[in-house]
Amino acid sequence: SSLSSSSFRSFLHRTHFDPTNDDIQHMPSLCTRGTECGSSVMAGATKCPFSYALFLCVAGAYTYHVCQGLSIKQQSKSTPAAATTLPPCKVVFVIGGPGAGKGTQCELITKRRSKWLHFSAGDLLRAERKKGGPTSDLINSKISAGQIVPAEITVGLIQAAMCEAYGQQSCLNFLIDGFPRSQGNVDAWNDQMSTHDVCMVLDLVCPEEVLLGRLLERSKTSGRQDDASLDVIRKRFQTHKREAEPIVALYGDLVQTVSSDVPVEQ
């Protein structure tokens, strides 16, 4: 049976056992004449075989118990969120150009539909970049150039976020904004997440001049470099038009197109 630190300290207290102290009166003694316990043990004199052996056994058991506990804690900390078995979920993709209001609309929906959670593919990528993981440099270079991050990275981060949400909140309904942004995103999703039901694709449309004004205004508080550079913004618009617009045709009847060039509540 396991030996806790409190029970070990209790044992030492009851027995007054201290290998650095002469006070061993409560321990049975098999010492021969002239043999001393306690401080004489530490001083190198003849040892009491019973008390010293008992101390080593108890100390060994306690050390084993502590090491086992630390090992379990380390294993639990190193277990990734994606290790959680995720049952089939309902998913709504929310797409649209940069500044179309994807995040804003998703926040409104989750306030009105409490069983749904919202993830931003862009926010997940920026968080991963900030962590400084093995893919952070690649993510940073793609975002800074207004290009699309490799699909496997994005889908892996979405999957991990969904698994964590399911494990902590038992959530099975997700709004994912800013995804998919290309055919490569769709292919990676189908390869890794085909068990989930994409029940709608919400497409937010807005004139580019309105989007440009929103991004420049947002850059004043967002701290995002890709919102502050006109060159990067233009590249993002071009990338969206080239890569994301075919997604609308791909999902066909699942697409619901909504104008986002109106007040938020509308």
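This is a predicted model: local features need pLDDT of at least 70, side-chain atom pairs count only at pLDDT 80 or more; totals for chains, interfaces and linings use all residues.

Biologist: Which loop does Arg224 lie in?

Modeller: Look at the helices on either side. α9 covers 208–222 and α10 covers 225–228. Arg224 sits in the loop between α9 and α10.

Biologist: Is Arg224 buried or exposed?

Modeller: The cut-off for buried is under 20% relative accessible area. Arg224 has 18%, so this residue counts as buried.

Biologist: And which residues is Arg224 in contact with, leaving aside neighbours within four places in sequence?

Modeller: Contact here takes heavy atoms within 4.5 Å. With those sequence neighbours set aside, the partners of Arg224 are Arg126, Arg218, Ser219 and Arg236.

Biologist: On to the cysteines: how many disulfides does the structure hold?

Modeller: A disulfide needs two cysteine sulfur atoms within 2.5 Å. The count for the structure is zero. Take Cys163, which is in no disulfide: its nearest cysteine sulfur belongs to Cys89, and the distance to it is 8.1 Å.

Biologist: Is Cys163 buried or exposed?

Modeller: Anything under 20% relative accessible area goes down as buried. Cys163 comes in at 2%, so the label is buried.

Biologist: Now the second largest pocket: which element gives the largest share of its lining?

Modeller: That pocket holds about 240 Å³ of space, and Gly97, Cys206, His240, Lys241 and Glu245 are the lining residues closest to its centre. β1, β4, α9 and α11 each supply at least two lining residues. The largest share, six residues, comes from α11.

Notes. Residues are numbered from 1 along each chain as its sequence is written. Side-chain values use heavy atoms; hydrogens and water are left out. Helices (H or I, at least four residues) and strands (E, at least two) are DSSP runs, numbered from the N terminus. Buried means under 20% relative accessible area, exposed over 50%, partly exposed in between (1.4 Å probe, protein chains only). On a 1 Å grid over the protein atoms alone, a cavity is a set of points where a 1.4 Å probe fits but cannot get out, and a pocket is an open set with protein on both sides within 12 Å along at least five of seven lines; lining residues have an atom within 4 Å of a point. Grid points are joined across faces, edges and corners, and a volume is the space filled by probe spheres set on the points.
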